[in-house]
Structures are given as C-alpha cells and as structure tokens.
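Subject: Structure handover and notes on what was found

Dear colleague,

Please read them alongside the model.

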Amino acid sequence: MADHMLKPQLSIKKSHSLDFAESKKYKFFQNRLAVLGLIIVVFNVLIAVLADFVAPHSPVEQFRSDFLTAPAWQKNGDWRFILGTDGLGRDILSRLIYGARHSFAIGFLAVILSMFVGTTVGVLSGYIGGIIDAIIMRVTDLYLALPGLLLVLVLLTIFTPSLASITIAIAAALVPHFIKIARALAIREKVKGYFIASRSIGASHLRLMFLVVLPNCFAPLIVQSALSFSAAITDIAAIGFLGMGVAPPTPEWGTMLSESREFIFIAPWVIWAPCSVLILTVIAINLLTDGLKEIFDPK
C-alpha cells in the first residue's frame, strides 16, 4: 500500500523538476540578447576550429604587391582581401580567423586550469576551516589586491613568453576568484541536511568534499567560468598589444593591434578590424553570461 502511495509522489516530483528545467531553458531563450551572444560565441568557435578551411589565405603569407590594400567595398579595394591587407601585405581576414583560434584556445585552457585549481583549493578551504582556511583566504586576498593584468605581466617577465606560459599566467590571475566562490559555496553546503546525513553514515572526507559538496557548487562556478573567459580574452589581447604575447608572425588580435598602430591614420582598417572583432566577442560572452545567470540562479 505504501509503495503504491509513494510512486505517484515520486512521479509528481520528477515532473515538477522537469518542468522547472524546461522553464529555465525557455527563460534563457526568451532573453534575445543572451541568445545573440550564444550565436556569436558559437560562430567564433566554429570559425576558429575550421580556420584551415574557411580562411581565404595563409595568415603569414605576404602579398608584396598589395601592401595596405583597402577593404573590398572601398575605393581601390580588392575582393581577394575582403577586409584589406596590413603593412606587410598579409590578409587581415585570414589573420583574424587564425587569431581567434589562438585567443579562444589560450582563454579556454586558462579558464579550465584556473577553475580546477581554484575550485579544489576553495572547497578544501571551506571544508576544513580553521587556521588553514584563514591562511588560504589571506593569501587569496593578497592576490586579489593586485590587478589581474599586472599579475600576468609580472609572471610573463619571469618566464619566457609562449603559449604555455601565457596560459599559466592568465590562469594564475583567475584562480583567486574561483577560490572565493568555491569556499563560500562549500561553507553553505556543509550545514545542509544531505551533507550531515552523508557524514553520519561514515562517508570519507574526500567523498564529502568532492562527491557530496562539489557537485552542488557547479552552477555558480559555470557562471564564473564564463566571466573569466571574457576576462581571459581581454588579457590575451592586452599582453599581445604590449608586445608580451605570442611571438610574430603568429596571428593574435592584440598583436595585430600593436603592429598596426603606425598606420592608424593612413589605413584605419588595420586597426578597426581586430578592434571590432575583439569588442564584439567580449560583449557576446558577457551577454551569454547574463543568460547563464538566469538559468543557474538558485532563486
């Protein structure tokens, strides 16, 4: 009799959870700006992955008879170079496409690395508490007192600039944010009934931290990872503009801006093309983040 009464209740709860999930998805797709951001980000990722197939030219190929060629729709433009060429005769569109590959790859790896390290340290700090928590938090506060870009530049002066060192430097600047969020979530989850029940039946500390607490912390961490990805893209362009990014002739948006400064008045397209793509990408990621907040907001 009890089993027959329990089954309808379970089915009702399951239907409620499915309806809640569907309403969250529907709420996201109602946010037109978030959907627009998602479309732009997905398009950029696809372009970066398929750069070898969609780029009209090699990013390092120089057309010596076409220095500073104007975009195709302007006077003296050439449809072989839709966005024109730079001061060395390289196709700007091709360099933008391949630059997206480097920016997205470094940004994605930096966010994954910082999320892994920061979440692990944060959950550990919030779970253990006491003097260990106090030490970790004071070190984290010290990190947060430094501007993120300044920390990246300091680390790159210590290590030789390369794709690996840039990724690690940007990840190091993003780690404190994940530590703070993961610690706060771990402290919040420790007092809940499911955690107390798991501890009462003898679950180990590792199981409590990473199989009980951590899965319930993912939602805010996903939102933070999207924000961190936007910051990583900006930092990559900034260090490239300052001459500490990937070495030429490797295409990268910040490096393209740095190389084109001297032509800003005689060939403005060499500046506005990478600048526009960078701004549009960062705005799109931020719009997508706003949509993710609506999905994962526990309220």
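The largest nonpolar core has 51 residues, and those with the most contacts inside it are I92, I170 and W253; a nonpolar core here is a set of buried Ala, Val, Leu, Ile, Met, Phe, Trp, Tyr and Cys residues joined through side-chain atoms within 4.5 Å. Buried means under 20% relative accessible area, exposed means over 50%, and partly exposed lies in between, with a 1.4 Å probe and protein chains only. At least two residues of this core come from each of α2, α4, α6 (148-158), α7 (163-190), α10 (218-241), α11 and α12 (269-296), and the largest share, 10 residues, is supplied by α12. Helices (H or I, at least four residues) and strands (E, at least two) are DSSP runs, numbered from the N terminus. In soluble globular proteins, nonpolar side chains tend to be buried together.

Before going further, please note that this is a predicted model, in which local features need pLDDT of at least 70 and side-chain atom pairs count only at pLDDT 80 or more, while totals for chains, interfaces and linings use all residues. Residues are numbered from 1 along each chain as its sequence is written, and side-chain values use heavy atoms, with hydrogens and water left out.

Aromatic residues come next. The structure holds four aromatic pairs, where rings of Phe, Tyr and Trp (its six-membered ring) pair if their centres lie within 6.5 Å, and where planes under 30 degrees apart count as stacked, over 60 as edge-to-face and the rest as tilted. One of these pairs is F104 with W253, which is edge-to-face at 6.4 Å centre to centre with 85° between the planes. This pair links distant parts of the chain, since F104 is in helix α4 and W253 is in helix α11, 149 residues apart. Both F104 and W253 are buried, and together with F229 they form one aromatic cluster. Elsewhere, R261 lies over the face of F241, at 5.1 Å from the ring centre; a charge sits over a ring if NZ of Lys or CZ of Arg is within 6 Å of the ring centre and within 35 degrees of the ring normal.

Turning to the charged side chains, the count comes to 11 salt bridges, each being a side-chain nitrogen of Lys or Arg within 4 Å of a carboxyl oxygen of Asp or Glu. Among them, R101 and D52 meet at 3.6 Å, N to O; R101 lies in helix α4 (residues 92-128) and D52 in helix α3 (residues 51-54), so the pair ties together parts that are 49 residues apart in sequence. At 27% relative accessibility, R101 counts as partly exposed.

A further salt bridge joins E259 and R95 at 3.8 Å, N to O. Because E259 lies in helix α11 (residues 253-259) and R95 in helix α4, this pair ties together parts that are 164 residues apart in sequence.

On the surface, V42, V45, L46, V49, L50, F53 and V54 form a nonpolar patch with about 640 Å² of accessible area together. Patches are made of residues with over 30% relative accessible area and no salt bridge, with like charges joined within 9 Å and nonpolar side chains (Val, Leu, Ile, Met, Phe, Trp, Tyr) within 5 Å, and the areas come from the Shrake-Rupley method with a 1.4 Å probe, only the protein chains shown counting as cover for residues. The elements that give two or more residues to this patch are α2 (32-49) and α3, and the largest share, four residues, comes from α2. F53, in helix α3, is exposed, with a relative accessible area of 71%.

With best regards
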